[in-house]
Amino acid sequence: MKIKIKTEGYKQVILYVFLFTCLAFLTGCSKESFVKETHKRDNIISRQFEMLTCEKPYGRIHIESLNEEEALQVSRFVDECMSEAQIESDKGDYELFFLHNPTNENFALFDSNILVIPLDQILLGEITYTKTNLIYWMSNCDYWVAYGMAASGEEQIDDLAEYYRKEDNCKQLNLSGARFFDIFQSNDDCEMVRETAKAIVKYAKGKCYSSSQEITENKNHIINEWLKSLDLEYQYEYSLYDKVKYIANSETGGLNYIIIENIVMDIAGDPYSGTFVKDINDMERYLSNISEDIEGIQDFFINNNVNEIEQFMQKKIACHKVGAEKYRTSFVQPESETIVLLQWNTLPHEYVHILFNPCFAGDSIELKEGMAEYLGTYKYNHKIKEMFYDWLNQEDSYYAPIGDEIGIKSINSENELDIERITHMILQNCEVKEKVCRPLNDKTEEWTYEECSDFVAFVINRYSVKKMIELAGLEESEQRKAIDALLPEWEETFQ
Ligand SMILES: [Zn+2]
């Protein structure tokens, strides 16, 4: 008898433990599971403070508060975001910091699994942008899906139907991240894009697309079904996808950074020269193509076993235009391995400098600029191809004779252009050369960029990439001699 009671007692204890575990699992962090810790100054958050920390399946949350109620509120907020977007992450590799007045959201420069989020917004219940950022960064979905999930309020169906009745507005349906920020188009247009995202995500959820991932993957179909539901006949079809990541400010929703492969581009309200990227449609195309350009450059080095560049492909490379006002063109700051960018189209060129500069022993500017132009302007730069396509097609442009010679009228798109060959033709045609070639600097006896890249193309095509790397690795005077020795052979290619 005694034994029986004891067993039942154990059973009860086990039952309680089981129930308690279930409860703890359902509610995530409980008050008891927060641990008080001190954050020490580091690269990401440069001050010391006390915080409450809690373990989660996806990683850890740190709240700059010793008030357990506040910490619970934050913990529940994150859980809500995760469940709303159906984010399944149990790798435990996220570190989420919730801080009072975070001075920067610079985490992107270090590690994309570290998020720094303003705490006050959550405590005040102003959560649209914080929620957008959390869902966007933790679920790998498109920006519009994350925003659509986070936005609240009634959707303006009638206004949207009216708006998309004009076919010109239908370009907004691409919903690329760039369309959400008033740096690239007017705030009124951004507002329509935001309303569209909200309405389409709500529509998708009503049609049983529940996770942010699913909605992203079925974008075209969902948009077309949604248009039909508004009695609109427009057929949406698009193939350019967002391959870059947008880091928006959690408080204002403004754009801080764009991440392109391992490049962290500082936007901070001040875009780069619009000369070659004139409107939102240009920008959308640019941002879609630039990732491929950067990837192409990386692959070129990997496939040719240039191991020196590996370290620069692993780490984040900062790109900004601070302090560049007095310069006319983009450049690289070698000490900090930073790109100072003035025009959008020069990014691949500067990226090649960052990757390839470590291969140099001698300081030949002809080879350095030649390599950057050869890879970053002529081979892997979609924007430059677009520009050449326009120039070659304009009858009154300096490039018209070359356009005639290659039969530009029968070429259907910029993708068919071989810029390397066109550059060689420009150098062969003295008149065109005179007008369009750009000297490396103001001294006229120096080489032009076009000559540098053509020389590098010659070395690579006649000999090999390996030969080019060997040239770069020679000491100053040896390098000069080696270049001089190749000149007669190169000059022959112009005859
Ligand atoms: Zn350069």
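In which sense do β9 and strand β11 (residues 338-340) pair, and over how many bridges? They pair in the parallel sense, over two bridges. This is a predicted model, where local features need pLDDT of at least 70, side-chain atom pairs count only at pLDDT 80 or more, and totals for chains, interfaces and linings use all residues. Residues are numbered from 1 along each chain as its sequence is written.

**Domains**

- The protein chain is assigned domain 1 (2-126), domain 2 (146-246) and domain 3 (261-492); bounds like these come from an automatic or database domain assignment.
- Taken over C-alpha atoms, the centres of domain 2 and domain 3 are 36 Å apart.
- Where domain 2 meets domain 3, 12 residues of domain 2 are in contact with 11 residues of domain 3 (contact means that the C-beta atoms, placed from the backbone, lie within 7 Å).
- On the domain 2 side that touches domain 3, you get six nonpolar, three polar and three charged residues (Ala, Val, Leu, Ile, Met, Phe, Trp, Tyr, Cys and Pro count as nonpolar, Asp, Glu, Lys and Arg as charged, and the others, Gly among them, as polar).

**The five-strand sheet**

- Five strands make an open sheet with mixed pairing, in the order β1-β2-β3-β4-β5. Two strands pair if DSSP finds at least two bridges between them, and the element names follow DSSP runs numbered from the N terminus: helices are H or I with at least four residues, strands are E with at least two.
- β1 and β5 (114-118) sit at the edges with a single partner strand each, so one side of each has no neighbour in the sheet.
- Ignoring direction, neighbouring strands of this sheet are turned by 30° against each other on average (angles run from 0 to 180 degrees between N-to-C directions, and axes are lines fitted to C-alpha atoms, for helices over the stretch in contact).
- Strand β1 (residues 35-39) and strand β2 (residues 49-56) run antiparallel and are joined by five bridges; here histidine 39 stands opposite phenylalanine 49 in β2.
- β2 also runs antiparallel to strand β3 (residues 59-63), again with five bridges, and cysteine 54 has isoleucine 61 in β3 as its bridge partner. These two strands, β2 and β3, form a hairpin with two residues between them.
- Strand β4 (residues 94-99) and β5 run parallel, joined by five bridges, and leucine 99 stands opposite proline 118 in β5.
- Helix α2 (residues 68-84) packs on this sheet and touches β2, β3 and β4, with its direction at about 140° to that of β3.

**The six-strand sheet**

- Six strands form an open sheet, also with mixed pairing, in the order β6-β7-β8-β9-β11-β10.
- Its edge strands are β6 (245-248) and β10 (331-333), and each pairs on one side only.
- From one strand to the next, the twist averages 25°.
- Strand β7 (residues 255-260) runs antiparallel to strand β8 (residues 263-266), with four bridges joining them; isoleucine 260 stands opposite isoleucine 263 in β8.
- β8 then pairs with strand β9 (residues 317-320) in the parallel sense over three bridges, where valine 264 has alanine 318 in β9 as its bridge partner.
- Back to the opening pair: in β11, isoleucine 339 is the bridge partner of cysteine 319.

**Helix pairs**

- Two packed helices are described by the angle between their axes and the distance between the axes.
- For helix α16 (residues 419-428) and helix α18 (residues 449-463), the axes come within 10 Å and cross at roughly 120°. That is why α16 and α18 are oblique to each other (under 35 degrees counts as roughly parallel, over 145 as roughly antiparallel, 65 to 115 as roughly perpendicular and the rest as oblique).
- α16 passes α18 in a left-handed crossing (left-handed if the near helix is turned anticlockwise from the far one by less than a right angle, right-handed if clockwise).
- Residues meeting here include Glu420 and His424 in α16, and Glu450 and Asp454 in α18. The contact of α16 with α18 divides into three nonpolar, three polar and four charged residues.
- Helix α12 (residues 347-356) and helix α13 (residues 365-379) pack at about 125°, with axes 8 Å apart, and are therefore oblique to each other.
- The crossing of α12 and α13 is right-handed.
- Among the residues that meet are Tyr351 and Phe356 in α12, and Met371 and Leu375 in α13. The contact of α12 with α13 splits into seven nonpolar, four polar and two charged residues.

Technical notes: Two residues are in contact if their C-beta atoms, placed from the backbone, lie within 7 Å.
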